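Here is a briefing on one protein chain. Take a look at the sequence and the structure before reading on.

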Amino acid sequence: MYEYEPEIEDKELKKVGLELMFMTPEKCEKSEGVTAVELAKMVNLPLETVKKKLNILKDAEVVRVKGMNPKYWKFDEYNFQRMDEHDEIFKLLCSFDDVDFDRYFQY
């Protein structure tokens with residue numbers, strides 16, 4: 001099971017999770033997903049922080065990883081939709097109060 005502190009909103013985890021959640025094929029160079037290095041640049045966070053957050057999301061089964069070197073990360077919509085609505089990761093990724101959707105979509 002993943003370790004997550006529900007008392008403190010993890011803004012970095014949310015940032016990484018939402019970036020993957022709203023990742024469109026146009027934003028990915030590869031159909032397999034995005035590397036941690038690419039993702040770190042997108043969310044403007046240190047690579048080590050992004051890797052830790054990706055592993056939390058992987059343990060929660062909301063992201064999939066493919067490959068070894070490099071690893072490609074992709075959001076798992078199927079598993080996310082089947083999460084318990086009381087799960088802290090689910091609630092974090094569904095909390096859109098402070099989300100700027102212009103970051104993810106071109107209108």
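The points below cover the core, the helix packing, the salt bridges and some backbone details.

This is a predicted model. Its largest nonpolar core has 30 residues, and helix H1 (11-21) gives the largest share of them, 5 residues. A search of the whole structure finds 4 salt bridges. One of them joins Asp-10 and Lys-53, two residues that are both buried.

**Nonpolar core**

- Four residues have the most contacts inside the largest core: Val-16, Leu-20, Leu-39 and Ile-89.
- H1 leads with 5 residues, the largest share.
- Leaving out residues up to four places away in sequence, Val-16 touches Leu-39, Val-43, Leu-45, Val-50, Lys-53, Leu-54 and Leu-57.

- H1 is mostly covered, with 8 of its 11 residues buried.
- The buried set is Leu-13, Lys-14, Val-16, Gly-17, Leu-18, Glu-19, Leu-20 and Met-21.
- Lys-14 and Glu-19 are part of that buried set.
- These buried residues pack against H2, H3, E1, E2, helix H4 (77-81) and H5.

**Packing of H1 on H2**

- The axes of H1 and H2 come within 10 Å and cross at roughly 110°.
- The two helices are therefore roughly perpendicular to each other.
- On the H1 side, the contact residues are Lys-15, Val-16, Glu-19 and Leu-20.
- On the H2 side, they are Leu-39, Met-42 and Val-43.
- By class, this contact has 5 nonpolar, no polar and 2 charged residues.

**Packing of H2 on H3**

- H2 and H3 pack at an angle of about 110°, and their axes are 9 Å apart.
- This pair, too, is therefore roughly perpendicular.
- H2 contributes Ala-36, Val-37, Leu-39, Ala-40 and Val-43 to the contact.
- H3 contributes Leu-47, Val-50, Lys-51 and Leu-54.
- By class, the contact of H2 with H3 has 8 nonpolar, no polar and 1 charged residues.
- Leu-39 and Val-43 of H2 meet H1, and Leu-39 and Val-43 also meet H3.

- Asp-10 forms a salt bridge with Lys-53, with the closest N and O atoms 2.8 Å apart.
- The pair links distant parts of the chain, 43 residues apart.
- Asp-10 is in the segment before H1, while Lys-53 is in helix H3.
- Both Asp-10 and Lys-53 are buried.

**Salt bridges within helices**

- An α-helix has 3.6 residues a turn, so residues three or four places apart point the same way.
- In helix H3, Lys-51 forms a salt bridge with Glu-48. The closest N and O atoms are 4.0 Å apart.
- Lys-51 and Glu-48 are 3 residues apart, about one turn of the helix.
- Lys-51 counts as partly exposed because its relative accessibility is 35%.
- The side chains of Lys-91 and Glu-88 meet in a salt bridge at 3.4 Å, N to O.
- Because Lys-91 and Glu-88 are 3 residues apart in helix H5, about one helical turn separates them.
- Lys-91 is partly exposed, with a relative accessible area of 40%.
- Glu-88 counts as partly exposed at 28% relative accessibility.

**Backbone details in the loops**

- A cis peptide bond joins Asn-69 and Pro-70, with omega at about 5°.
- Pro-70 lies in the loop between strand E1 (63-66) and strand E2 (72-75).
- Asn-44 has a phi near 60°, a positive value in a residue other than glycine.
- Asn-44 sits in the loop between helix H2 (36-43) and helix H3 (47-59).
- Asn-44 counts as exposed because its relative accessibility is 67%.
- Glu-61 also has a positive phi, near 65°, and is likewise a residue other than glycine.
- Glu-61 is placed in the loop between H3 and E1.

Technical notes. Residues are numbered from 1 along each chain as its sequence is written. This is a predicted model: local features need pLDDT of at least 70, side-chain atom pairs count only at pLDDT 80 or more; totals for chains, interfaces and linings use all residues. Side-chain values use heavy atoms; hydrogens and water are left out. Helices (H or I, at least four residues) and strands (E, at least two) are DSSP runs, numbered from the N terminus. Buried means under 20% relative accessible area, exposed over 50%, partly exposed in between (1.4 Å probe, protein chains only). A nonpolar core is a set of buried Ala, Val, Leu, Ile, Met, Phe, Trp, Tyr and Cys residues joined through side-chain atoms within 4.5 Å. Contact means heavy atoms within 4.5 Å. Axes are lines fitted to C-alpha atoms, for helices over the stretch in contact, and angles run from 0 to 180 degrees between N-to-C directions. Angles under 35 degrees count as roughly parallel, over 145 as roughly antiparallel, 65 to 115 as roughly perpendicular and the rest as oblique. Ala, Val, Leu, Ile, Met, Phe, Trp, Tyr, Cys and Pro count as nonpolar, Asp, Glu, Lys and Arg as charged, and the others, Gly among them, as polar.
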